Amino acid sequence: MVKASAPGKCILFGEHAVVYGQPALACSISQRMSIELEREDTFDSWRIDGRTFNGKKHPHIKYIRDHLPPHDEQPLHIRIRGTIPKASGLGSSAALSVALCGALQQIRDEPQNLQQASELSHQAEAQAQGGRASPMDTATSAYGGFVVLSDSIEEDLDFIETRSMEVNGERQEWHLHTFEATIPEGTALVIGNTGVHGSTSAMVLQVAELIQNEPTRKVELETIGAIARRGIQALRNGDMKAVGQAMSENHIVLRSLGVSSPDLERLIRAAAPSSLGVKMTGAGGGGCMIALTENPEETVGAIEMQGGRAFITAFNEPGLQIEHLT
Ligand code: MEV
């Protein structure tokens with residue numbers, strides 16, 4: 001039996017614009033997904049949590065299974081566990097995909113290969129998102145910590161890898177980096193969940209159609225990119241006030257792109273007075289918002305008063321981990 005886990009993520013800057021190559025920053029969160037794999041002795045087909053595997057219901061798993069099958073082709077029983085709510089903008093499908101890659105690498109007696117886990121999971125995401133996906137969620141889940149995507153190699157960050165993919169007929173290239181961030185004592189990140197499911201593929205398609213019908217709206221994606229650059233620099237300088245300011249500005253542009261929702265706006269309005277900065281996180285249309293705050297208890301209370309579910313997350317959680325091997 002093999003068990004692997006990978007963290008979810010939240011996006012501090014740059015969702016949607018990153019699909020078109022703009023800079024962005026994400027960090028891993030405390031919530032994780034775990035995958036247990038066991039050889040199937042009684043059934044001659046793969047199963048998930050006791051049920052026959054259905055590739056249509058689990059497109060990410062199908063893609064990864066097809067690209068990283070066990071050498072002996074013996075069917076496996078997959079158990080999925082985890083604390084990342086589905087369709088909430090916290091990267092549950094990326095974490096699931098990365099954890100599955102890690103577990104399959106072990107079953108295949110291969111050494112852990114983070115680059116392969118991140119790349120295959122990115123391709124699985126792209127397939128599930130109509131061909132439009134950045135490598136941000138999957139890389140953050142694989143490597144953990146803070147992950148910066150940029151349109152150029154940033155000399156003063158730790159370079160991880162370069163990834164490219166065709167999006168809407170245009171070749172996009174993302175240079176992935178990480179860095180050690182020191183978060184000042186007393187500053188916390190609060191996540192507020194609307195409880196409303198948001199569909200990443202639908203929201204990504206909505207933005208694609210918007211810029212196709214009104215090409216001048218691409219400026220908004222560039223504005224998000226410029227805000228992301230400023231926010232990343234502020235975080236590296238430890239200037240949390242400026243980080244918060246950039247987060248709130250990023251949210252205003254996301255709202256004008258039409259990817260926020262009334263529920264997200266309600267939670268954001270509630271959290272703003274006690275926070276340094278607030279924004280939606282992930283694809284939007286529901287899902288989660290985040291608040292950078294020096295008053296986490298007060299911020300959590302304000303979000304919950306408005307019907308959201310809120311929690312404080314740690315920064316810098318480890319990426320893909322093998323938890324058990326027998
Ligand atoms: C979803 O978590 C983030 C998006 O930018 C899509 C992507 O990067 O693939 C909306």
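In the predicted model, Arg81 has a relative accessible area of 42% and is therefore classed as partly exposed. Its side chain meets that of Asp49 in a salt bridge, with an N to O distance of 3.1 Å. Arg81 belongs to strand E5, whereas Asp49 occupies the loop between strand E3 (47–48) and strand E4 (51–52), so the pair ties together parts that are 32 residues apart in sequence. Asp49 is likewise partly exposed, because its relative accessible area is 37%.

Strand E5 (residues 76–82) also contains Arg79. A salt bridge joins the side chains of Arg79 and Glu38 at 2.9 Å, N to O. This pair links distant parts of the chain, as Glu38 lies in strand E2, 41 residues apart from Arg79. With a relative accessibility of 23%, Arg79 counts as partly exposed; Glu38, at 32%, is also partly exposed. Glu36, Glu38 and Arg79 are linked in a network of salt bridges. The count for the model comes to 21 salt bridges.

Another of these pairs involves helix H6. Glu154 forms a salt bridge with Arg229, their closest N and O atoms being 3.4 Å apart. Since Glu154 is located in the loop between E6 and strand E7 (158–167) and Arg229 in helix H6, the pair ties together parts that are 75 residues apart in sequence. Glu154 counts as buried because its relative accessibility of 17% falls under the 20% limit. Arg229, in contrast, is partly exposed, with a relative accessible area of 38%.

The buried residues of the helix are Glu220, Leu221, Ile224, Gly225, Ile227, Ala228, Gly231, Ile232, Ala234 and Leu235. An α-helix has 3.6 residues a turn, so residues three or four places apart point the same way. The cover over the buried residues of H6 includes strands E1 (2–13), E2 (24–39), E6 (146–150) and E8 (170–179), together with helices H5 (200–213) and H7 (240–257). H6 is followed by Gly238, which has a positive phi, near 75°.

Beyond its neighbours within four places in sequence, Glu265 is in contact with His251, Arg255 and Ser260. The C-alpha atoms of Glu265 and Arg255 are 8.9 Å apart in space, the two residues being ten residues apart in sequence.

Key. Residues numbered from 1 in each chain as written. Predicted model: local features only at pLDDT ≥ 70, side-chain atom pairs only at ≥ 80, totals over all residues. Heavy atoms only, no water. Contact = heavy atoms within 4.5 Å. Buried < 20%, exposed > 50% of the residue type's maximum accessible area, 1.4 Å probe, protein only. Helix = DSSP H or I, 4+ residues; strand = E, 2+ residues; numbered from the N terminus. Salt bridge = Lys/Arg side-chain N within 4 Å of Asp/Glu carboxyl O.
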